[in-house]
Amino acid sequence: MTISAISNAQPTQAQVKNTQKHSYFNPANITGYATLASGVGSVIAIKNKSFKWHKYLAYASGALALVHIGLIEWFHNKKKNSNNNVN
């Protein structure tokens, strides 16, 4: 029985799929950092006794947090369903 050389081995489809480049655009990162920035801005506004800006930034932070969680759950569901379809 002969043993084939390693250089002749063909990569499997799973190995090819793992080496593909991913997109640099990730909306979950953008909404996460925007939530963090508006939350910090809200804290700075209340320290400076600017209640109007504190309120607006707090609402923006809450809305962006909800969008952020929604995106994460959507990506999680999308990945779970794609893994189920492969099997």
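The predictor's confidence in each residue is expressed as pLDDT, on a scale from 0 to 100. For this chain the mean pLDDT is 85, and 74% of the residues reach 70 or more. The structure is a predicted model, in which local features need pLDDT of at least 70 and side-chain atom pairs count only at pLDDT 80 or more, while totals for chains, interfaces and linings use all residues. Residues are numbered from 1 along each chain as its sequence is written, and side-chain values use heavy atoms, with hydrogens and water left out.

**The whole chain**

Begin with the entire chain displayed by secondary structure. It comprises three helices and zero strands, where helices (H or I, at least four residues) and strands (E, at least two) are DSSP runs numbered from the N terminus. Along the sequence the pattern reads α-α-α.

Next, colour the chain by confidence. The lowest value belongs to helix α1 (residues 13-18), with a mean of 60, and the highest to α2, with 96. Where pLDDT is low, the predicted coordinates should not be read in detail.

Now display the surface. The accessible surface of the chain is about 7800 Å², and carbon and sulfur atoms hold 62% of it; accessible areas come from the Shrake-Rupley method with a 1.4 Å probe, and for residues only the protein chains shown count as cover. Of the 87 residues in the chain, 10% are buried. Buried means under 20% relative accessible area, exposed over 50%, and partly exposed in between (1.4 Å probe, protein chains only). Among contacts in the chain with a separation of 6 or more, 60% join residues 24 or more positions apart; a contact means heavy atoms within 4.5 Å.

Select Ser-61, in helix α3 (residues 51-86). Is Ser-61 buried or exposed? Ser-61 is buried, because its relative accessible area is 16%. Apart from neighbours within four places in sequence, Ser-61 is in contact with Thr-35, Ser-38 and Gly-39.

Gly-39 is partly exposed, at 24% relative accessibility. The C-alpha atom of Ala-58, 19 residues away along the chain, is separated from that of Gly-39 by 6.3 Å. Tyr-59 is 20 residues from Gly-39 in sequence and 9.3 Å away in space, C-alpha to C-alpha.

Ala-58 itself is located in helix α3, and its relative accessibility of 34% makes it partly exposed.

**A nonpolar patch**

Remain at Val-40, a residue of helix α2 that counts as partly exposed at 44% relative accessibility. Which residues form a nonpolar patch on the surface? Select Tyr-33, Leu-36, Val-40 and Ile-44, which together have about 440 Å² of accessible area. Patches are made of residues with over 30% relative accessible area and no salt bridge; like charges are joined within 9 Å, and nonpolar side chains (Val, Leu, Ile, Met, Phe, Trp, Tyr) within 5 Å. A salt bridge is a side-chain nitrogen of Lys or Arg within 4 Å of a carboxyl oxygen of Asp or Glu. Ile-44 lies in helix α2 (residues 27-47) and is partly exposed, with a relative accessible area of 49%.

Proceed to Lys-49, in the loop between α2 and α3. Lys-49 is exposed, at 63% relative accessibility. Its phi is near 60 degrees, a positive value in a residue other than glycine. Most residues other than glycine have a negative phi.

**Aromatic pairs**

Finally, show the aromatic side chains. The structure holds two aromatic pairs. In one, the rings of Trp-53 and Tyr-56 have centres 6.2 Å apart and planes at 90 degrees, so the pair is edge-to-face. Rings of Phe, Tyr and Trp (its six-membered ring) pair if their centres lie within 6.5 Å; planes under 30 degrees apart count as stacked, over 60 as edge-to-face and the rest as tilted. Trp-53 and Tyr-56 are separated by about one helical turn because they are three residues apart in helix α3. Trp-53 is exposed at 53% relative accessibility, whereas Tyr-56 is partly exposed at 44%.

The rings of Trp-74 and Phe-75 have centres 5.1 Å apart and planes at 50 degrees, so this pair is tilted. Trp-74 is partly exposed, with a relative accessible area of 48%, and Phe-75 is partly exposed, with 30%.
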